[in-house]
Amino acid sequence: MQRLQIDPITRLEGHGKIDIFLNDQGEVADCFFIVPELRGFETFCVGRPVEEMPRITTRICGVCSEAHHMAAAKACDAVYHVAIPPAAKKLRELLYSAFFTGDHATHFYILGGPDFVMGPEAPVAERNIIGMIGKLGVDVGRKVIGARAAAHEIVKILGGKTIHMVSSIPGGVTKGLTVEERDHIVALANQLVEFGKFTLKVLDDVVLKNRTYVDLILSDTYTHKMHSMGTVDENNRVNFYDGKIRVVDCDGREIVKYHGREYLQHVAEHVERWSYLKFPFLKAKGWKGFVDGMDSGVYRATPLARLNAAEGMATPLAQAEYERFYETLTGDRSGRTPVHQTLATHWARVVELVYAAEHTLELAKDEEILSPNLRTIPTATPDEGVGQVEAPRGTLTHHYITDERGILKKVNLIVGTTNNHAAISMSIKKAAQGLIKRGVEITEGLLNKIEMAFRAYDPCFACATHSLPGQMPIVVRLRAPDGTILAEQRRE
């Protein structure tokens, strides 16, 4: 049996590798998506005061620290049984919407986009943001950097820091807005909405007008029929910050709709010996292995899954794009039919980017965010609470149990990428089986097409796993001017 290995996989957050095993006929017998890191974050939080969690958990990831900040703050609210003032909720959601816009832009233009702009089989040295700017023009680069800067500026104003923000605490937020700050945020939000429109045009020009790419998106190689999970508001529209978690089956029918605090009644975690990352599944279906279909417990919680789990978007431009998305990919403008093509997740992400930008502007114009009523002081004895938000990469759950002093006794985190681990593994295997055939030359471009199967998920293994004790393999070499190695020190 022959072994192919992609190590490290690229353009994602964190580290992973892919092992592909070929049989004697030269076809894919098996494929493993391996995350060779140990998650230890839940353990070393035990023993700390729970109110520190909104600041500690932002360190899980420098890319989506906002998501952990929000989930931790909501879990702390629940631990102290406190309802935060409406203005505090809107300020948190304003920060979160701006963050979502910038984060989705990062993936579309820097991580996933180069596969389409430069082509899946373009030289690897060109499949990156520099190659994209070279092909699309410097003005595109300026717009991407400008939008990310605008989003980070809003986060900094509201959160106190550009990353690892500190503003959300149990019962509310520490900082309000002045009129001048609000007006500045409105201007930045307008910039983000225009960027959303610009991104829709880029998507149209580069991807949707290219028949080869549309065929690639719709191909069986990148298709899996799975259940879909996402948070929805009271009208079953996509919501990132608050609402109920809705799960629909492969045909779009609702399986369950529940509050985040009820997650243990509906989701369990399976373990495999070859990966440190767990595999959540639906309890109602059970763990049936790495299989898709109606009877499987495997689900997705991606931008595509969120659109499938919802019945629309809460802002006008995003709603129009939501309808075009389903009409184009399923022929059903009603949006009732799920889309199961993994690569369509990139388009779904752009729909969400537009929604996030529109919602940022909507919240920035809301006069209530200027209210000085920003916190409800907790008075109840702390015990147990669950905080849940939609992270860009999927449903994020923080579950804390404390003693009567608020000292953490147990922490459980199910991050966005963890939800999608089984789906990612299956998507990679199917892509490998669809692309590697007897007699086909194994090129770098072909291996990149296999990587495209995981890249659509925008996985964050920095969030989903964490090294313990926190070291990484490194080799330091001391060389003479002629290049001779004089000394070498290695840490495994």
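Author: Contact means heavy atoms within 4.5 Å of each other. Beyond its neighbours within four places in sequence, I18 touches L4, Q5, I6, I9, C31, F32, F33, I428, I450 and F454. The model is predicted, so local features need pLDDT of at least 70 and side-chain atom pairs count only at pLDDT 80 or more, while totals for chains, interfaces and linings use all residues. Numbering starts from 1 along each chain as its sequence is written, and side-chain values use heavy atoms, leaving out hydrogens and water.

I18 is among the residues with the most contacts inside the largest nonpolar core, together with I20, Y109, F325, Y400 and I450; this core has 134 residues. Such a core is a set of buried Ala, Val, Leu, Ile, Met, Phe, Trp, Tyr and Cys residues joined through side-chain atoms within 4.5 Å; buried is under 20% relative accessible area, exposed over 50%, partly exposed in between (1.4 Å probe, protein chains only). Another core of twelve residues lies apart from it, with Y263, L282, Y299 and I414 among its members.

F325 belongs to the buried set of α11, along with A318, E321, Y322, Y326 and L329. Helices (H or I, at least four residues) and strands (E, at least two) are DSSP runs numbered from the N terminus. G331, with a positive phi near 80°, follows α11.

Helix α7 also has a buried set, including V144, A147, A151, I154 and L158. Its cover includes α3 (65-79), α4 (86-111), α6 (129-136), α8 and α12.

Charged pairs come next. There are 32 salt bridges, each a side-chain nitrogen of Lys or Arg within 4 Å of a carboxyl oxygen of Asp or Glu. In one of them, R127 pairs with E444, with 3.0 Å between the closest N and O atoms. R127 sits in the loop between α5 (114-117) and α6, and E444 in α15 (residues 444-455), 317 residues away in the chain. R127 is buried at 4% relative accessibility, whereas E444 is partly exposed at 38%. Another bridge joins D220 to K430, the closest N and O atoms being 3.3 Å apart. Shared partners link D115, R127, E444, E451 and R455 into one network of salt bridges.
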